[in-house]
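Here is a short briefing to read alongside the model. Keep the viewer open and follow the topics one by one.

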Amino acid sequence: MNRYTFAAGERLVSPAYVRQGCEARRTHEHLVLQLLEKGKCPEDGWDESTLELFLHELAIMDSNNFLGNCGVGEREGRVASALVARRHYRLIHGIGRSGDISAVQPKAAGSSLLNKITNSLVLDIIKLAGVPAVTNCFVVPMATGMSLTLCFLTLRHKRPKAKYIIWPRIDQKSCFKSMITAGFEPVVIENCLEGDELRTDLKAVEAKVQELGPDSVLCVHSTTSCIAPRVPDKIEELAVICANYGIPHIVNNAYGVQSSKCMHLIQQGARVGRIDAFVQSLDKNFMVPVGGAIIAGFNDSFIQEISKMYPGRASASPSLDVLITLLSLGSTGYKKLLKERKEMFSYLSNQLKKLSEAYCERVLQTPHNPISLAVTLKTLDAHHDTAVTELGSMLFTRQVSGARVVPLGFVQTMSGHTFRGFMSHANDYPCAYLNAAAAIGMKTQDVDLFIKRLDKCLKTVRKEQNKQNDVPTVDNYDKTENVAIEDTALRLDNVLLDTNQDTSS
């Protein structure tokens, strides 16, 4: 409704009442106006009525929702199910055009506006989270692995002679497969063990660059967010190496937006050296459904090149999800979540320390990892080979998700590459361990319930171990004793057989 319709309404209802309703409407419109003018996440979150009004206004700007629209093409935003239409707020056309995922669609002004606003809000949040130097970003409807692949494919055109990607090892399949899918050969750099932590071997990285030759290296593929005892790569030092040798640098920042430490590493890396792009997941950082990522960087033209590399139009669902989430939270709400996550990390660390000490274990000292923690399982691994994996199964069946139990010596082969000690990020890590992470959205009750169930599982595994250790096995006897026992058993069987025959006769 606009001022003309409100004026017409005054002939039917008291003008005082209509004007009051008009002022209420203007309050909603003022919030939308501020969003469009500033392009930043509002400080305070919006209520649902404002959000739905805004999304409805965007939807009616798309041609599929025009009254009297006559669509005669193959892609006219037709939807068979009304439920599906409502699920997407009738924003059916998606985002981008065939040549650029960030381009404006003539048929879908509303969806295009949604796309532009979402990218602007996400850029604002990345700056707020600790990377103020970032210049451009866009939401892509693919998870982190495929988004990394898109970055590598874009670099292919800039470095046609390159066939290698230097990759400090992190045992996460999608990271490895992102390079294979793009058609490059990963050069795995093993990590250095420093105390309990697995850290970047900078000398090995530089030596490999010199061995292969800078022109044959597509990029260095580093990681910030990772699972303990692996800690974030030495991003600043890697950025300097890349700058010195003229090699691109792509950072996997999968769930790093929620960590001020990870974001600071990226900011500093761009300041002292070279970072071409960094990729982060939407679901892990903004608590939305899986299916989207953010590709960001410090060179506006390169980020635009990546967006143009995406073939065809794209789903608007990830953009819509993160837009609704950020407008609901506001920058104040998101900062509150970041603060609570840090508090949960400290709380989880303290609770795990108490529990581990009760079982003669310890929390691994990984001060450079701000999200993930690891607890040793030496006492389990020392007594029974299957006890470690059994603990993982017990936790899973008791509805503990996200915790990861890592045994020693697991071997994994992917695309012809064999990783020893897979999941532990090293060929020979000193001990088996259990992981838990304090990610955005975690609450105190989540930690308490996890500790309670972990305690019960550890008790159960220990009891089973004790039972097995009390039962003697054949290996505990001398061979001569075994022969004697067998002879006695045989004589006894013969006696019983003779007795049975006498009875039957």
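In helix 7 (residues 173-181), the buried residues are Cys-175, Phe-176, Ser-178 and Met-179; buried means under 20% relative accessible area, exposed over 50% and partly exposed in between, with a 1.4 Å probe and protein chains only. These residues lie on the same side of helix 7 because they cover an arc of only 150° around the axis, the arc being that of the directions from the helix axis to the C-beta atoms. This is a predicted model, in which local features need pLDDT of at least 70 and side-chain atom pairs count only at pLDDT 80 or more, while totals for chains, interfaces and linings use all residues. Residues are numbered from 1 along each chain as its sequence is written, and side-chain values use heavy atoms, with hydrogens and water left out.

**Helix 7 and its end**

- Helices (H or I, at least four residues) and strands (E, at least two) are DSSP runs, numbered from the N terminus.
- Ser-178 belongs to helix 7 and counts as buried because its relative accessibility is 2%.
- Leaving out residues up to four places away in sequence, Ser-178 touches Gly-145, Leu-148, Thr-149, Phe-152 and His-221, where contact means heavy atoms within 4.5 Å.
- Just after helix 7, Gly-183 has a positive phi of about 90°.

**The sheet and the helices on it**

- An open sheet is formed by seven strands in the order 1-9-8-7-6-2-3, with mixed pairing; two strands pair if DSSP finds at least two bridges between them.
- Strand 1 (136-140) and strand 3 (185-189) stand at the edges with a single partner strand each, so one side of each has no neighbour in the sheet.
- On average, neighbouring strands of this sheet are turned by 20° against each other, direction ignored; axes are lines fitted to C-alpha atoms, for helices over the stretch in contact, and angles run from 0 to 180 degrees between N-to-C directions.
- Strand 7 (residues 249-252) and strand 8 (residues 277-281) run parallel and are joined by three bridges.
- Val-251 has Phe-278 as its bridge partner in strand 8.
- Helix 8 (residues 202-212) packs on the sheet, where it touches strand 2 (164-168), strand 3 and strand 6 (217-223), and its direction makes about 140° with that of strand 3.
- Helix 12 (residues 300-309) lies across strand 1, strand 8 and strand 9 (293-297), and runs at about 15° to strand 1.

**Annotated binding-site positions**

- An unreviewed UniProt entry places the feature "binding site" at Arg-97, Ser-98, Gln-105 and Arg-313; UniProt positions are given in the numbering used here, feature names are shortened, and annotations may be inferred rather than shown by experiment.
- Although spread over 217 residues of sequence, these positions cluster in space, with a largest C-alpha distance of 9.8 Å.
- UniProt (unreviewed entry) also places a "binding site" feature at Arg-75.
- Ser-98 lies in the loop between helix 4 and helix 5, and it counts as exposed because its relative accessibility is 55%.
- Arg-313 sits in the loop between helix 12 and helix 13 (317-358) and, at 35% relative accessibility, counts as partly exposed.

- Arg-75 is in the loop between helix 3 (48-59) and helix 4 (82-87), and counts as partly exposed at 23% relative accessibility.
- The side chains of Arg-75 and His-93 make a polar contact (3.0 Å); a polar contact is a pair of N or O atoms within 3.5 Å, where within protein one must be able to donate a hydrogen and the other to accept it, and residues adjacent in sequence count only if both atoms are side-chain atoms.
- Gln-105 lies in the loop between helix 4 and helix 5 (109-129), and at 3% relative accessibility it counts as buried.
- The Gln-105 side chain reaches the backbone oxygen of His-93 at 3.3 Å and the backbone oxygen of Gly-96 at 3.0 Å.
- Glu-76, in the loop between helix 3 and helix 4, counts as buried at 13% relative accessibility.
- The side chains of Glu-76 and Lys-107 are joined by a polar contact of 3.0 Å.
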